[in-house]
Number of protein chains: 2
Amino acid sequence: MSLTPVERAAHYATRSSRFAKAGPKHLAYFKSVLDQPCSVTQRKGKMLTEKAATAPYNIDWMSQIQGDTPAVLLPTCTKQVSAILRYCQEEKLAVVPQGGNTGLVYGAEPVFDELVLSTQLMSAPPVVSKDTMSVEAEAGVILQQCQEACAKAGMLFPLTMGSKGSAMIGGTVSTNAGGIHFARYGSMHANVLGLEVVTAKGDVLNMMSTLRKDNAGYDLKHLFIGSEGTLGVVTRSAIRLYQQPRSKQTAMFRLSNFESVLALYHLAQEHLAECLSAFEVMDGESLTTSPANQVPYKRTDKNDAFRAGSDFTAAYFCVLVETNGSSETHDFEKLSEFVESAQTRLGDQLSGGGAYEPILSQSAAQTAQLWELREGVPVHLASSGRIYKYDVSFPIDKFYCIVEHTREIVYKKHKVNPAEVLVVGYGHFGDGNVHLNVIDLTRSHAAELDAALYPGVYEFCAAHGGSISAEHGVGMQKRDYVHLSRTPETIRLMQDVKRMMDPNGILNPYKVLPLDT
Amino acid sequence: MSLTPVERAAHYATRSSRFAKAGPKHLAYFKSVLDQPCSVTQRKGKMLTEKAATAPYNIDWMSQIQGDTPAVLLPTCTKQVSAILRYCQEEKLAVVPQGGNTGLVYGAEPVFDELVLSTQLMSAPPVVSKDTMSVEAEAGVILQQCQEACAKAGMLFPLTMGSKGSAMIGGTVSTNAGGIHFARYGSMHANVLGLEVVTAKGDVLNMMSTLRKDNAGYDLKHLFIGSEGTLGVVTRSAIRLYQQPRSKQTAMFRLSNFESVLALYHLAQEHLAECLSAFEVMDGESLTTSPANQVPYKRTDKNDAFRAGSDFTAAYFCVLVETNGSSETHDFEKLSEFVESAQTRLGDQLSGGGAYEPILSQSAAQTAQLWELREGVPVHLASSGRIYKYDVSFPIDKFYCIVEHTREIVYKKHKVNPAEVLVVGYGHFGDGNVHLNVIDLTRSHAAELDAALYPGVYEFCAAHGGSISAEHGVGMQKRDYVHLSRTPETIRLMQDVKRMMDPNGILNPYKVLPLDT
Ligand SMILES: Cc1cc2nc3c(=O)[nH]c(=O)nc-3n(C[C@H](O)[C@H](O)[C@H](O)COP(=O)(O)OP(=O)(O)OC[C@H]3O[C@@H](n4cnc5c(N)ncnc54)[C@H](O)[C@@H]3O)c2cc1C
Ligand SMILES: Cc1cc2nc3c(=O)[nH]c(=O)nc-3n(C[C@H](O)[C@H](O)[C@H](O)COP(=O)(O)OP(=O)(O)OC[C@H]3O[C@@H](n4cnc5c(N)ncnc54)[C@H](O)[C@@H]3O)c2cc1C
């Protein structure tokens, strides 16, 4: 993928003249701060200034955005973070917080010459408490390591997602990351019990706690959850844990239309209720590029219908259902009853006249295979051509409309050949979270697609009660579209909050909020 | 209960001279606003100024605090609320939002001559959507009516509590109310999907949405959840619903010590996991005043031990466990296995050598009876003498320490006779939420108890990782103690937020935040 026009425009917005340029004096100060060993761990921080060393911190995960930082600061403790931010605020030095750098909206990299503050060295082993059913972790702890520490104590960390091997706890809190188990365990707003943050002014806000209920004044930790490093740097957090499920069951369905997917979802709520842990949907078109041996059903497509220009719904839908519970027997019974009930109610819509029976996984290997299909979808799509990715959300009954609409625009209005450009949808159905992907297989339709998709996709969200960002956040990528999902009064209050907390606007500039004009 | 010294001091704090006195000119303006019929419902608002009519709005639920409002404003729509607040901000008129007036921290009443803005007339029937599993309700909708509307559609509203017949949705959102099912379904931060708020400046923030995932910029609705009407008036909200459980099971246990309660809780997590919906604890002393026919176990007390001054733990503990699930058979099986496992693991601690077998409810009537015991506790305690009520929270392994500590202070340090003053603890164990109650049965120990409890109880919370307010909030009652649960930096940010959003401080003054000095 090359930069879209929007991204290009944003990327080349002018550097704000209000920021100072970091010079030798500043770097000497940072070095002196980072050379002070942490009073707890005795570890010193680090500063990187060599181009070769700073390079990976300058580029985003998708290799689209490239900044030019003069220095990457790697503190080891909250005190160092505080000293750095206080100084940056005074000296008007712009700084971008960075965790695992897996964000997908160009939020964690410098746009111009911002300093990078990486949490990488703040990664003491997380502390798991069975009694309070919580884990305390420094910002730089990698998600997967945190999950593993919890699992060792018989506890489940509520968040998991494809980027778990690199994403860091501070990053997941700052982006209010969602993932696969969101429908069951909720968002970071539901699960973060305590937080330590250094504000843009350098103040340390110690809001650490493992209490479940605590209504002693405004609950300010929510200001920092999901504000993508524009209001403060998260240094530590305490997160609620759940009982590690003893049983995990999966089933896969092939359905002939969207109405049946919706009906199946309501049936799942009824039959699986408290143990439902995932309800993932993939349209038939999204499976086009997956290896044949991964797809358990005969693949069909509707290219002729798309070309004819009257019917833009999917050829079929695949649904992956997962349950997590405390009893293997009970969960298997519930799942079996659910499958039977679905067969009775949905009949041919489900079985395709007997050709497509539901698959009830019989082994861990089969479960892994079904998840491999789901997790492979974005990977195989991305490697098949130039890809446009949208992470949007809708009320679940309107989950699929954005895909149909985009097909209409691309195939009918812009007359693109459906054999050359895929328009597909998949995602976390229970959360209304659609991943709309458009793949230019021949890499020859940039002009039509740029015209078709910007700002059309986001405007469609706005017009249909959807959000332009379900889980990935805003960053620089969607900054200029926030007004489509938020009212002017709400955006004004966001700006007031930002101004109050970060008078010189030094923390993660050019991101999330509209540019000052 | 008469006012405690703290409450008295707060109550008689001087009226702030920065506020204007509402005169005829102001009232005429309000009347003109309220006389405009709402553009949707065509209903006009109301204004009450007669003493007899305003009286109930001037007094809190516990009849402790009495304000003297010149007028109660009863708008019917958001536009009227906006006009009222914009005018109050300009004219420096203080105003207190009021819902069902069931708050227990003196937050919803005027302290002096603040205007009352009641949401009572904003109570259109709530709109339940099965598709999005959410309900949209105006601020003045009564909690129980909202629950019933949801139940009719097969959905469960996540919040329930003793005040459900009077508390209003806007009030529950503004206090981040907890209640019995908090451990299962989470807080208002977890369940509020969308919010409409009128800020203290009169701006309407339309953040209504039923989306599950929406990371398009700062999630500002959290600022208003739990800020007790000091930052804005909630006019509408959309709240997440859950599948109505098909099965509800209960069991009761009698345990000989706190360690066994903790062990039982961990066993419940293991065996009941996804279907556990309540784990309520009552110490033996809290059952002293309940009618004998409600208490299924032989009552004992430890007055002699308390008097001897060396052992302050409870005589015994009662635990009420509830499950909610989708299968009667499964849930009953899980509960039975849990009971068996508890008997094996806890032996005599649980059964008292066979004298106290666990009770597995066999009928709806028996379940109702067990809940009656639990819900009756505060009622019977309150009617037995002068009561001091504390709603605090601790990490669950320290749940009971505050009760033991208070006994030590009252019985040992202040030499109060345990037969004349009860010190008891009960509450939502899973949330670490202890209700510490001290009951002066002879109404003759005010001096010792005032000295023993203030500020001792709150200071003990602070020293042991607890919160001075678990679910009831701060209001005027705990305003002067917030610093025990929040750091100076955090309180400073609360004040900054308040100042930014309400420059003249007109919205619910004298509450939540320290008084300006
Ligand atoms: C393969 C893949 C799969 C993904 N799947 C999902 C998914 O299912 N759900 C989902 O929600 N996201 C997903 N993402 C996006 C991404 O992983 C998440 O947004 C993640 O939470 C980012 O964490 P990070 O540590 O990499 O943060 P970064 O990318 O380093 O930073 C993200 C943002 O947070 C800020 N930030 C980082 N650390 C801090 C801190 N300590 N304090 C303050 N601000 C900070 C940065 O400035 C930036 O704005 C996926 C990404 C990839 C590459
Ligand atoms: C018998 C009984 C049992 C209770 N049990 C529980 C329990 O289990 N858990 C629990 O958490 N609480 C409990 N409470 C406390 C109380 O019911 C809750 O705090 C409830 O949420 C208050 O709702 P309300 O509508 O009565 O609000 P009010 O008492 O009218 O107001 C409470 C606060 O919110 C503000 N407010 C009210 N409406 C609005 C609005 N629309 N916009 C902005 N601010 C507003 C007020 O200014 C005030 O500060 C109980 C109370 C009683 C009397």
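Author: Gladly! Let me begin with the record: UniProt positions are given in the numbering used here, and annotations may be inferred rather than shown by experiment. With that in mind, the unreviewed UniProt entry lists residues 65-244 of chain A as "domain: FAD-binding PCMH-type". Please also keep in mind that this is a predicted model.

Reader: What is the make-up of the chain over residues 65-244 of chain A?

Author: That stretch is 23% helix and 24% strand, and its end C-alpha atoms are 39 Å apart.

Reader: What makes A:Thr102 a polar contact of ligand 1?

Author: A polar contact needs a pair of N or O atoms within 3.5 Å. An N or O atom in the side chain of A:Thr102 is 2.7 Å from an oxygen atom of ligand 1, so the pair meets the cut-off. The side chain of A:Ser174 also has an N or O atom in place, 3.1 Å from a nitrogen atom of the ligand. For A:Gly229 a polar backbone atom is involved, 3.5 Å from a nitrogen atom of ligand 1.

Reader: How much of ligand 1 does the protein bury?

Author: Taken alone, ligand 1 exposes 970 Å², and the protein buries 92% of that. Among the elements of chain A, β3 (95-98), α6 (169-174) and β10 (232-240) each give two or more residues to the shell. The most come from α6(A), with 4 residues.

Reader: Which residues come nearest to ligand 1, and how is the shell divided by class?

Author: Of the 34 residues around ligand 1, the nearest are A:Pro97, A:Gly99, A:Thr102, A:Gly103 and A:Ser163. By class the shell has 11 nonpolar, 21 polar and 2 charged residues. At least three residues come from each of domain 1 (20-118) and domain 2 (127-243) of chain A.

Reader: Turning to chain B, why is ligand 2 said to lie between domain 1 and domain 2?

Author: Because domain 1 (20-118) and domain 2 (127-243) of chain B both give residues to its shell, ligand 2 lies between them.

Reader: Which contacts does ligand 2 make through its oxygen atoms?

Author: Among them is a backbone N or O atom of B:Gly99, which lies 2.7 Å from an oxygen atom of ligand 2. A polar side-chain atom of B:Thr102 lies 2.7 Å from an oxygen atom of the ligand. For B:Glu228, a polar backbone atom is 3.1 Å from an oxygen atom of ligand 2. The protein covers 92% of the 970 Å² of accessible area that ligand 2 has on its own.

Reader: Now the aromatic rings: how many pairs are there, and why is the pair of B:Phe306 and B:Tyr411 called stacked?

Author: The whole structure holds 48 aromatic pairs over all chains. Rings pair if their centres lie within 6.5 Å, and planes under 30 degrees apart count as stacked. The centres of B:Phe306 and B:Tyr411 are 5.4 Å apart and their planes are at 20°, so this pair is stacked. B:Phe306 lies in helix α11 (residues 303-308) and B:Tyr411 in helix α15 (residues 401-413) of chain B, so the pair ties together parts that are 105 residues apart in sequence.

Reader: What stands out in the backbone at A:Pro455 and A:Tyr106?

Author: A cis peptide bond, with omega about -10°, joins A:Tyr454 and A:Pro455. A:Pro455 is in the loop between α16 (446-453) and α17 (456-463) of chain A. A:Tyr106 has a positive phi of about 55° although it is not a glycine, and A:Tyr106 is found in the loop between β3 and β4 (115-118) of chain A.

How values were computed
Residues are numbered from 1 along each chain as its sequence is written. Chains are lettered from A and ligands numbered from 1 in the order in which they are written. This is a predicted model: local features need pLDDT of at least 70, side-chain atom pairs count only at pLDDT 80 or more; totals for chains, interfaces and linings use all residues. Side-chain values use heavy atoms; hydrogens and water are left out. A residue is near a molecule or strand if one of its heavy atoms lies within 4 Å of it. A polar contact is a pair of N or O atoms within 3.5 Å; within protein, one must be able to donate a hydrogen and the other to accept it, and residues adjacent in sequence count only if both atoms are side-chain atoms. Accessible areas come from the Shrake-Rupley method with a 1.4 Å probe; for residues, only the protein chains shown count as cover. Ala, Val, Leu, Ile, Met, Phe, Trp, Tyr, Cys and Pro count as nonpolar, Asp, Glu, Lys and Arg as charged, and the others, Gly among them, as polar. Domain bounds come from an automatic or database domain assignment. Rings of Phe, Tyr and Trp (its six-membered ring) pair if their centres lie within 6.5 Å; planes under 30 degrees apart count as stacked, over 60 as edge-to-face and the rest as tilted.
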